[in-house]
Amino acid sequence: MASAGSPLKVHAVRFGPGQDLLCSLLAFVEERNLKAPFIITCVGSVTKATLRLANATAGNTNEVIHLDDRLEIVSLVGTLNKEAHLHICLADKEGKTVGGHVLGDLEVFTTAEVVIGEASDLLFDRQMDHRTGFPELVIQPRSEKN
């Protein structure tokens, strides 16, 4: 188990209709050179989403759904380093929810109001974990070089 404490910086951003939420978040992180960013909270709506479901494994990553509907963002959580690891929960017009690992195609419908935290003294990276078959989070202390 890896863990570490760090002071927190907070960033807030709003994305508008038609923007790709995942691409916009990654661009925000890159523009500000954030080294250990994560989602604190997000509210808004999307018209599209591509999600990998929980029963996927490294050998069977095809459990993917493509949603094309007006959906409320009920929850968005995860880390935003270059290989972002985000999970989302979306609700349809009847309040039924679906969630999974964000693969892309998160097209903003009306708005996406996002608060991003950054662990100021840490660096997030991803390395392949042979036990899971996926690139997993590696937490490192931040040095002056990075």
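Predicted model: local features only at pLDDT ≥ 70, side-chain atom pairs only at ≥ 80, totals over all residues.

Trainee: Okay, what's the phi of N33?

Mentor: N33 has a positive phi of about 55°, although N33 is not a glycine.

Trainee: And how exposed is N33?

Mentor: N33 counts as partly exposed because its relative accessibility is 49%. The cut-offs are under 20% relative accessible area for buried, over 50% for exposed, and partly exposed in between, using a 1.4 Å probe and protein chains only.

Trainee: What about D105, what's its phi?

Mentor: The phi of D105 is near 55°, again a positive value in a residue other than glycine. D105 belongs to strand β5, residues 97-119. At 42% relative accessibility, D105 is partly exposed.

Trainee: Let's zoom out. How many helices and strands does the chain have?

Mentor: The protein chain has one helix and seven strands. Going along the sequence, the pattern is β-α-β-β-β-β-β-β.

Trainee: What about the radius of gyration?

Mentor: The protein chain has 16 Å, which agrees with the value near 15 Å that a compact globule of 146 residues would have. That radius is taken over C-alpha atoms, and the globule rule is 2.2 Å times the number of residues to the power 0.38. The C-alpha atoms fill a box of roughly 50 × 35 × 20 Å along the principal axes.

Trainee: How much of the chain is buried?

Mentor: Of the 146 residues, 38% count as buried. As for contacts between residues at least 6 apart in sequence, 64% join residues at least 24 apart. Contact here means heavy atoms within 4.5 Å.

Trainee: Back to the helix. Which residues of α1 are buried?

Mentor: In α1, the buried residues are L21, L22, S24, L25, F28 and V29. Seen down the axis of α1, they fall within an arc of 165°, so they line one face of the helix. The arc is that of the directions from the helix axis to the C-beta atoms.

Trainee: Why would residues a few places apart point the same way?

Mentor: An α-helix has 3.6 residues a turn, so residues three or four places apart point the same way.

Trainee: Nice. Which residues are exposed on the other side of α1?

Mentor: C23, E30 and E31 are exposed there.

Trainee: And what covers the buried residues of α1?

Mentor: The cover includes β1 (8-15), β2, β3 (64-79), β4 (85-91) and β5.

Trainee: Can we pick one of those helix residues, say V29?

Mentor: V29 is in helix α1, and its 7% relative accessibility makes V29 buried. Leaving aside neighbours within four places in sequence, V29 is in contact with L34, P37 and L80. V29 and E118 are 89 residues apart in sequence and 9.7 Å apart in space, C-alpha to C-alpha.

Trainee: How about M128, buried or exposed?

Mentor: M128 counts as exposed, at 58% relative accessibility. M128 is found in strand β6, and β6 covers residues 122-129. Beyond neighbours within four places in sequence, M128 is in contact with G133, F134 and P135.

Trainee: Last one: where is S120?

Mentor: S120 is in the loop between β5 and β6. S120 is buried, with a relative accessible area of 18%. Not counting residues up to four places away in sequence, S120 touches S6, P7, L8, K9 and R142.

Technical notes:
Residues numbered from 1 in each chain as written. Heavy atoms only, no water. Helix = DSSP H or I, 4+ residues; strand = E, 2+ residues; numbered from the N terminus.
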